[in-house]
Amino acid sequence: MSRRPDDLMLRAAHFIAGTYVEDTPQLDVIAPSDGRVLTRIPVASAAMVDRAVAAARAALGTSGWAGLTPRDRTRALHRWADLIEAEADTLAHLEAVCSSRPVSHAATGDVVVTAEQIRFFAEFADKEGGDLVPTGAGSLGFIASEPYGVIGAIAPWNFPISMAGWKMAPALAAGNAVVLKPSEMTPFSALYMAELSVRAGIPAGLVNVVLGDGVTTGPAITGHPGIDKVSFTGSTRAGAAIMEHVARTGIKPMTLELGGKSPMVVFDDADLDLTADCLERGILPNAGQFCVAGSRIIVQRGIADALAERLAARFAVHRPAATWADQPGFCPIISETQLARIDGIVQAAVAEGARLVTGGARFDHPGSFYRPTLIRDVTAASPAVTQEIFGPVATFQTFDTEDEAMELAAHPTYGLCAGLFTRDLSRALRLTRRLQAGTVWVNRYGRSRDHILPTGGWKASGLGKDLGREAYTANRRTKSVLIDI
Ligand code: NAD
């Protein structure tokens, strides 16, 4: 039975050195499902961030985390994953209350997969090392691998548990401490994950969570001299601001997972039912608020009408529900501001001559809910096609030849993912090479539980990878050692 927002204990404090630290409440946290103000959270000042970084440094020193037998780190992380699973219900409620995630999806999906990913990274700790390299006979050369120290992590609101896991798990497995700032809109689940890390026996101070915004707290993390590496997931706009800020305040390495505007290229030999399933799954979960959303459907002319019809029928059946409802429904848009932005882009496209196949308006329901929307006859220059909408809105463009399809698929700036639908194996192999994206899915759409596959964008969609071996090695740096014998 799902718990209502009023039944939840919402912590609105930072979590530093293993304890909650109260601070002046400044920002409202709003439930997008019905618009209620849940609580007010503090905005960590530079001094508070300093305190968290100092706690992280101290914990690294006293716990010897980086120098532990790697198996000991693995064991502690496994215990953390176990506790996260055991607390799935509470975590899911803390997630659902302020975000777009339905409680049952969070409990059976996000929490379970996050625990799995923590275990995945835990297992790298005693398996990934350095290299002995060939040198002249008179010397011994090796490349040592060491943790950075303190990772400054900043996460978005769209999958708060998953994003906190993606940032913290590889960092801790690789021997680092973390100062994490969750989104100011969705702070509660990450705080509880940090509390669980201490209960699991991960030394207090290795996981610190500071609450705050992107104006004061975010830059205080990215510019802090005690932060050795920045790991950011969020918009391309904020990613660019972080690059600039880091460049001005002292160079440090960074991983940036940014926005996308991914194409779904459908050829006329594709299995139409399977493709319609994938297209729907590529844009409607979480009301389209996911970075890899396949928001640009690019379809071969002969099947365009049939596919649009199928999709419109699928789009029309969704009904909204509060994220804490017993039966999950269509997800809310995170805020009224974001809903107005989505609607503005849709209405501008229609005013330019695009055809609304379905949707194009908010649901007649309390809370911030927008109808699944499909738009045809959009021009390549329309903001509906060029901008990341981050809502349940897909555009439909048609092509005749493979070259035309590739031209439409290539976004001038983004390159996060691409979907390709065809039964022709040669074409699939040929085009996976031409698609400009960090991930290409063929005859499917969306991540699997193969956590070994790294995820990350090309071009303005990001730098570096989350998940996979890459995410572990990205949390360590190499040292070349040459010893004359
Ligand atoms: P956002 O960029 O507005 O905020 C993300 C986080 O960065 C928040 O915690 C925010 O407080 C902080 N922030 C904002 N400006 C900052 C600054 N100048 N310095 C430091 N921190 C700053 O993004 P959002 O609206 O929370 O999330 C949606 C975006 O995230 C979308 O663009 C989506 O594509 C992207 N995203 C990408 C991935 C990926 O793996 N590539 C995954 C999830 C979300």
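Gln289 sits in the loop that runs between α9 (272–281) and β13 (296–300). The model is predicted. Gln289 has a relative accessible area of 0% and is therefore buried, the cut-off being under 20%. The ligand lies between domain 1 (5–258 + 462–484) and domain 2 (263–451), because both give residues to the shell around the ligand.

**Surroundings of Gln289**
- A polar atom of the Gln289 side chain is 2.9 Å from the backbone oxygen of Pro332.
- Leaving aside residues up to four places away in sequence, Gln289 touches Ser100, Trp157, Asn158, Phe159, Pro332, Ile333, Ile334 and Phe390.

- Glu184 places a polar side-chain atom 2.7 Å from an oxygen atom of the ligand.
- For Lys181, a polar side-chain atom is found 2.8 Å from a ligand oxygen atom.
- Gly234 takes part through its backbone, with an N or O atom 3.3 Å from an oxygen atom of the ligand.
- On its own the ligand has 850 Å² of accessible area, and the protein covers 90% of this.

**Shell around the ligand**
- There are 30 residues around the ligand, and those that come nearest are Ala155, Lys181, Glu184, Ser235 and Glu388.
- Sorted by class, the shell holds 16 nonpolar, eight polar and six charged residues.
- At least two shell residues come from each of α5 (160–173), α7 (217–222), β10 (229–233) and α8 (236–249).
- α8 gives the largest share of the shell, four residues.

Terms used
Residues are numbered from 1 along each chain as its sequence is written. This is a predicted model: local features need pLDDT of at least 70, side-chain atom pairs count only at pLDDT 80 or more; totals for chains, interfaces and linings use all residues. Side-chain values use heavy atoms; hydrogens and water are left out. A residue is near a molecule or strand if one of its heavy atoms lies within 4 Å of it. A polar contact is a pair of N or O atoms within 3.5 Å; within protein, one must be able to donate a hydrogen and the other to accept it, and residues adjacent in sequence count only if both atoms are side-chain atoms. Accessible areas come from the Shrake-Rupley method with a 1.4 Å probe; for residues, only the protein chains shown count as cover. Ala, Val, Leu, Ile, Met, Phe, Trp, Tyr, Cys and Pro count as nonpolar, Asp, Glu, Lys and Arg as charged, and the others, Gly among them, as polar. Domain bounds come from an automatic or database domain assignment. Buried means under 20% relative accessible area, exposed over 50%, partly exposed in between (1.4 Å probe, protein chains only). Contact means heavy atoms within 4.5 Å.
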